[in-house]
Every structure is written in structure tokens, then in C-alpha cells.
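Colleague: I have a model to go through with you. Could you show it, and then take my questions in turn?

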Amino acid sequence: MSAPSLTGFIMKRPWLKQWMIPISKWYADAAGYRKLGLRVDDLIPEESETVMLALKRLPPKEAYDRVFRLRRAFQCSLSHQLLPKDQQTKPEEDYLYLTPIIKQIEQESRERGDLDSMVVNKKKKDKP
């Protein structure tokens with residue numbers, strides 16, 4: 001899931017951050033997923049094992065809300081309509097709920113890989 005990102009580079013430079021934030025807000029609005037009632041993490045494909053495990057770790061209410069948002073968006077897509085303004089996702093409601101879990105799972109996987117490849121050498125006893 002991790003892809004190269006310029007986020008760290010941009011966030012470290014205040015002048016660039018100030019210039020990019022309005023563009024990012026415009027882009028998120030132009031993407032149109034909020035008009036269907038979705039959040040940004042609803043757009044993550046479910047094909048990878050990491051995402052499937054993250055979905056299993058979601059709290060029950062968040063998992064139910066996610067399925068509801070996806071079904072409602074699918075229904076809107078089939079009927080070629082957008083949600084009314086009061087039901088669309090507002091920018092303050094569009095937060096990352098799945099990405100932190102995915103990052104945690106990726107970190108656990110890296111740690112597990114490091115521990116599995118670790119070699120333990122026993123000290124040899126010196127014989128007098």
C-alpha cells in the first residue's frame with residue numbers, strides 16, 4: 001500500500017505547504033467521492049492481505065458505517081445521482097480511519113520479518 005509520497009517534503013517547508021493546501025482541498029473536492037458520501041479511506045482497494053486484516057481490526061461500528069457508505073455510494077452511482085448536500089461528506093468528517101491501522105500492520109509485518117531473519121549465536125563456554 002505504501003507508495004512514494006511528497007508529503008514529508010512539502011510539510012517540512014511552510015511556504016510550500018501554504019501553497020499546496022488550497023490545491024489539495026480543491027482536488028479532494030473535485031474528486032467527487034465526498035458527493036457520494038464516501039471518505040478517503042473508503043477508496044482503498046481491498047485486494048491486499050494487509051487491507052483485509054485492517055478491515056478485520058476495525059471497530060464494529062466503523063465497519064458497519066463503512067459498508068453503509070459503500071452501499072449508498074453504489075446505489076447513487078447506479079441511479080446517476082448525487083447525495084443531497086446535507087448527506088454529503090463534509091471535509092471535517094473526511095478523516096483517515098483505516099490508514100493508521102494499515103500502517104500499524106505494515107510495521108508489525110516488517111518487525112516480524114526482522115525477528116524471523118535474526119540469527120542468535122550462543123556463547124561458547126571456555127574449557128579450562
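Colleague: Is Arg-57 buried, partly exposed or exposed?

Modeller: First, the ground rules: this is a predicted model, where local features need pLDDT of at least 70, side-chain atom pairs count only at pLDDT 80 or more, and totals for chains, interfaces and linings use all residues. Residues are numbered from 1 along each chain as its sequence is written, and side-chain values use heavy atoms, with hydrogens and water left out. Buried means under 20% relative accessible area, exposed over 50%, and partly exposed in between (1.4 Å probe, protein chains only). Arg-57 has 36% relative accessibility, so it counts as partly exposed.

Colleague: Which side chain meets Arg-57 in a salt bridge?

Modeller: A salt bridge is a side-chain nitrogen of Lys or Arg within 4 Å of a carboxyl oxygen of Asp or Glu. Here the N to O distance is 2.9 Å, and the partner of Arg-57 is Glu-108.

Colleague: How many residues apart in sequence are the parts that this pair ties together?

Modeller: Arg-57 lies in helix α3, and Glu-108 lies in helix α5. Helices here are DSSP runs (H or I, at least four residues), numbered from the N terminus; strands (E) need at least two. The pair therefore ties together parts whose separation in sequence is 51 residues.

Colleague: What is the pattern along the sequence?

Modeller: The protein has 5 helices and 0 strands. Read along the sequence, the pattern is α-α-α-α-α.

Colleague: What is the radius of gyration of the protein?

Modeller: The radius is taken over C-alpha atoms, and the globule rule is 2.2 Å times the number of residues to the power 0.38. For 128 residues the rule gives 14 Å. The protein is well over that, so it is more spread out than a compact globule: its radius of gyration is 21 Å.

Colleague: Which residue forms a salt bridge with Arg-34?

Modeller: Arg-34 sits in the loop between α2 (14-31) and α3 (49-57). Arg-34 is buried, at 12% relative accessible area. Its salt bridge, at 3.0 Å from N to O, is with Asp-94.

Colleague: Where does Asp-94 lie?

Modeller: The Arg-34 and Asp-94 pair ties together parts that are 60 residues apart in sequence. Asp-94 is buried too, with a relative accessible area of 13%. Its place is the loop between α4 (60-78) and α5 (99-116).

Colleague: Which side chain meets Arg-39 in a salt bridge at 3.1 Å?

Modeller: Both partners are buried. Arg-39 is in the loop between α2 and α3, and its partner is in helix α4, 23 residues apart. That partner is Glu-62.
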